[in-house]
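Work through the two exercises below with the model open. Each task is followed by a solution in steps.

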Amino acid sequence: MDEAEYEAEQTAREDAASKLFSGPVDFLLSAPQLQFLPDPVVPEIAFCGRSNVGKSSLLNALTGRRAIARASVTPGRTQELNFFDVGRPQEEGALPLFRLVDMPGYGFAKAPVKVVEKWKTLVKSYLRGRAVLTRTLVLVDSRHGLKQVDREMMTMLDEAAASYRVVLTKTDKIKASELEAVANRTADEIRKHVAAYPELHLTSSEKGMGIAALRAAVVGDALGEGWMTEG
Ligand SMILES: Nc1nc2c(ncn2[C@@H]2O[C@H](COP(=O)(O)OP(=O)(O)OP(=O)(O)O)[C@@H](O)[C@H]2O)c(=O)[nH]1
Ligand SMILES: [Mg+2]
């Protein structure tokens, strides 16, 4: 495939993904504990990362909704696993095509220890044991790069053989030269993680950078590349 063909295919994938997200996206439920998870019946894509990294904002940007997932200046805002249905087939009672899962952040020092422990257990149990989890997005603030808690999370996912994409967020907040440096450092490091997808995503939910490409990647992960070209 030459470059022009590749670009045409990429544009087609992004258009298909964008069309899907312009259709129904509905909040399903909030699970404060594992027993409240929905039945594992469709593919799920989870958003994880340190508190305040921009998980809820990225979910909003990908779905093109301003505030379907609550985003906030207050770290520790998302306290449960929040499930969103994407795509609603015509038939009555039909299942959605897949689900997005917004999660509480880790590494948040100000919340009471017991609360943090509870979130951690919830997030880890979900990530380790969910058969329908097709991909996790591990979000990393581009201003800070990978932190120890991110490395621990990535190692846990490696050990659980749960594959993930690393996504740098808030790229509008730093200079292009700084972004290049942090992207190179991060890309080098994620190559050492067996369950990490080798390609790093650079995004800004605020300015839209990288959103169309990540949207296509997410739909491809959830529904398979075949869906992207035939669907
Ligand atoms: N400039 C800029 N700000 C962003 C971006 N993404 C998120 N923010 C801001 O960062 C703050 C945290 O965003 P959230 O989306 O709530 O972060 P979160 O990871 O869901 O936070 P918790 O639920 O507390 O773990 C908010 O004030 C957002 O407006 C971005 O791409 N650019
Ligand atoms: Mg949140």
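**Exercise 1: a strand and its partners**

Strand S1 (residues 25-31) pairs with S3 in the antiparallel sense, over six bridges. This is a predicted model, in which local features need pLDDT of at least 70 and side-chain atom pairs count only at pLDDT 80 or more, while totals for chains, interfaces and linings use all residues. Residues are numbered from 1 along each chain as its sequence is written, and chains are lettered from A and ligands numbered from 1 in the order in which they are written.

Task: Which strand is joined to S3 by five bridges, and how many residues of S3 are buried?

Solution.
1. Strands are DSSP runs of E of at least two residues, helices runs of H or I of at least four, both numbered from the N terminus. Two strands pair if DSSP finds at least two bridges between them.
2. Strand S4 (residues 98-102) runs antiparallel to S3, with five bridges joining them.
3. Phe83 has Val101 in S4 as its bridge partner. Opposite Leu81 in S3 stands Ala31.
4. A residue is buried with 20 or more other C-beta atoms within 10 Å of its own, exposed with 12 or fewer, and partly exposed in between; C-beta atoms are placed from the backbone.
5. Five of the six residues of S3 (residues 81-86) are buried, so the strand is largely enclosed by the rest of the structure.

**Exercise 2: positive phi**

Task: Is Lys170 buried or exposed?

Solution.
1. Most residues other than glycine have a negative phi.
2. Lys170, not a glycine, has a positive phi of about 60 degrees. Lys170 lies in the loop between S6 and helix H5 (176-190).
3. Lys170 is buried because 23 other C-beta atoms lie within 10 Å.
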